[in-house]
Amino acid sequence: MRKPIIAGNWKMNKLAADGARFVMSLRDEVPEGSKVDTVICASFIHLPFLTEAARDTPIRIGAQNMHYEKSGAFTGEVSPEMLENILVDYVILGHSERRQYFHEDDELINKKMKAAFENDLLPIVCVGESLEQRENNETNQFVRNQVKAAFEGIREGDAKKAVVAYEPIWAIGTGKTASSEDANEVCRTIRETLRELYSDAVADEVRIQYGGSVKPENIAELLAQSDIDGALVGGASMELESFLKLLEAGA
Ligand code: PEP
């Protein structure tokens, strides 16, 4: 059985003290042995405060991006080694906002995947189609190609630790959610792609999240699907009360 994983993506929101207070409050709500893996992904500037606030708890902290090099002349960038050094566990890679606004392509995301594993970080790699691709029935093929490109050259032992987030672009921050059946169909395609690339063991172990306007009202139906193992959540992860409801649904 795959353990559900609910990850909040705060994007470029909150100030450091608010973020730390949020995680301090979460400490009491996420007990040792919790049935759901809880991750908060925040801006770089929050991360040292959040890892400190989450210390000795099952709450895990993630970055929303990183560079693929260990160090060097890359002004303004943050390396995987720097994240690992401050006890960050996860990193979102290839979020559609990074692909769209910062021109990240499949090749760059694959380099970041490799760098994440080399530095003991667990990638949450995002894939998903545009509205136009969905309307042209290109979703499954497009997502398959994104998965293949992201996992190119990743060893089986690492691949099984990855989390894949299926996030249809048209559903992110729009209030529109894919129907749970449609979301499950794409998540199944992702799993079958991993089966072809690797093995049953990898396909059955990798956790696949759905993301795109997930809220307390729709999460239970999404998580009830055979191939959806959690959620990557933007808007509804910002308030403690709604985030706690999402965790409850995952448990
Ligand atoms: C996201 O940020 O990845 C996301 C899915 O956002 P929202 O839940 O607000 O659609």
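**Exercise 1. Explain why Ser-213 counts as buried.**

Ser-213 has 20 C-beta neighbours inside 10 Å, so it counts as buried. The cut-offs: 20 or more other C-beta atoms within 10 Å of a residue's own means buried, 12 or fewer means exposed, and in between means partly exposed, with C-beta atoms placed from the backbone.

Two notes on the model. It is predicted: local features need pLDDT of at least 70, side-chain atom pairs count only at pLDDT 80 or more, and totals for chains, interfaces and linings use all residues. Residues are numbered from 1 along each chain as its sequence is written.

Ser-213 sits in the loop between strand E7 (207–211) and helix H11 (219–223). Helices (H or I, at least four residues) and strands (E, at least two) are DSSP runs, numbered from the N terminus.

Now list its contacts, leaving out residues up to four places away in sequence. They are Ala-171, Thr-174, Gly-175, Lys-176 and Thr-177. Contact means C-beta atoms, placed from the backbone, within 7 Å.

Last, check the record. An unreviewed UniProt entry lists Ser-213 under "modified residue: Phosphoserine". Such annotations may be inferred rather than shown by experiment.

**Exercise 2. Is Asp-56 buried or exposed? Where is Leu-87?**

Start with the general rule: most residues other than glycine have a negative phi.

Asp-56 is not a glycine, yet its phi is positive, about 60 degrees. It lies in the loop between helix H2 (47–53) and strand E3 (60–63). Asp-56 counts as exposed because it has 7 C-beta neighbours inside 10 Å.

Leu-87 also has a positive phi, near 70 degrees. Its loop runs between helix H3 (80–85) and strand E4 (90–93). Leu-87 has 15 other C-beta atoms within 10 Å, so it is partly exposed.

**Exercise 3. What span should helix H5 have?**

H5 covers residues 106–118, which is 13 residues. The expected span is 1.5 Å times one less than the number of residues.

Now look at its buried residues: Ile-109, Asn-110, Lys-112, Met-113, Ala-115 and Ala-116. Their cover includes H3, E4, strand E5 (122–127) and helix H7 (139–151). After H5 comes Asp-120, with a positive phi near 60 degrees.

**Exercise 4. How many residues surround the ligand?**

There are 14, and the closest are Asn-9, Gly-173, Gly-211, Gly-234 and Gly-235. A residue is near a molecule if its C-beta atom, placed from the backbone, lies within 6 Å of it.

How values were computed
Contact = placed C-beta atoms within 7 Å.
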